[in-house]
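Please examine the sequence and the structure shown below. The explanation that follows begins with a single pair of side chains and then turns to the chain as a whole.

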Amino acid sequence: MSAAGESGRAQQKQMRARAADLEQAAERATDPQERQRLKDKARQLKEQSEHAGGTGKQDIDPTM
């Protein structure tokens, strides 16, 4: 695997971890606006992570 591939995977992992942290913070938030802001940010990070590396389904060759 190339260094760029490993770097991308590490970045995806960090984004997913940050998204999980934001979701947990949203659950603890008492202010509804802050809760929604945190949830939205977590969703954006998850989407960025998925778009950056895909979900893996595109990498599977159905002929194999």
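In this predicted model, Glu-23 and Lys-46 form a salt bridge, with their closest N and O atoms 2.5 Å apart. The term salt bridge denotes a side-chain nitrogen of Lys or Arg within 4 Å of a carboxyl oxygen of Asp or Glu. This pair links distant parts of the chain: Glu-23 belongs to helix α1 (residues 3-28) and Lys-46 to helix α2 (residues 32-53), 23 residues apart. Helices (H or I, at least four residues) and strands (E, at least two) are DSSP runs, numbered from the N terminus. Glu-23 is partly exposed, at 31% relative accessibility, and Lys-46 is likewise partly exposed, at 36%. Here buried means under 20% relative accessible area, exposed means over 50%, and partly exposed lies in between (1.4 Å probe, protein chains only). Side chains of opposite charge can pair when their charged atoms come close.

Some conventions apply throughout. Residues are numbered from 1 along each chain as its sequence is written, and side-chain values use heavy atoms, with hydrogens and water left out. Because the model is predicted, local features need pLDDT of at least 70 and side-chain atom pairs count only at pLDDT 80 or more, whereas totals for chains, interfaces and linings use all residues.

The structure holds four salt bridges. One of them joins Arg-37 to Glu-34 at 2.8 Å, N to O. Both residues lie in helix α2, three residues apart, about one turn of the helix. Arg-37 is partly exposed, with a relative accessible area of 46%, and Glu-34 is partly exposed at 29%. Another salt bridge connects Arg-43 with Asp-40, whose closest N and O atoms are 3.9 Å apart. About one helical turn separates Arg-43 and Asp-40, because they are three residues apart in helix α2. Arg-43 has a relative accessible area of 40%, and Asp-40 has one of 28%. Through salt bridges that share partners, Asp-40, Arg-43 and Glu-47 are joined into one network.

What forms the largest nonpolar core? This core has eight residues: Met-15, Ala-19, Leu-22, Ala-26, Ala-29, Leu-38, Ala-42 and Leu-45. A nonpolar core is a set of buried Ala, Val, Leu, Ile, Met, Phe, Trp, Tyr and Cys residues joined through side-chain atoms within 4.5 Å. Helices α1 and α2 each supply at least two residues of this core, and α1 gives the most, with four residues. In soluble globular proteins, nonpolar side chains tend to be buried together.

Ala-26, a member of this core, is in contact (heavy atoms within 4.5 Å) with Arg-35, Leu-38 and Lys-39, leaving aside its neighbours within four places in sequence. Lys-39 is found in helix α2 and is partly exposed, at 43% relative accessibility. Between Lys-39 and Ala-19, 20 residues apart in sequence, the C-alpha to C-alpha distance is 8.6 Å.

Taken as a whole, the chain has two helices and zero strands. Of its 64 residues, 16% are buried. The chain exposes about 5300 Å², of which carbon and sulfur atoms supply 48%; accessible areas come from the Shrake-Rupley method with a 1.4 Å probe, and for residues only the protein chains shown count as cover.

Confidence remains to be considered. The mean pLDDT (the predictor's confidence in each residue, from 0 to 100) is 83 for the chain, and 75% of its residues reach 70 or more. Over residues 55-59 the pLDDT is below 50, and this stretch has one contact in the model beyond near neighbours in sequence. Where pLDDT is low, the predicted coordinates should not be read in detail.
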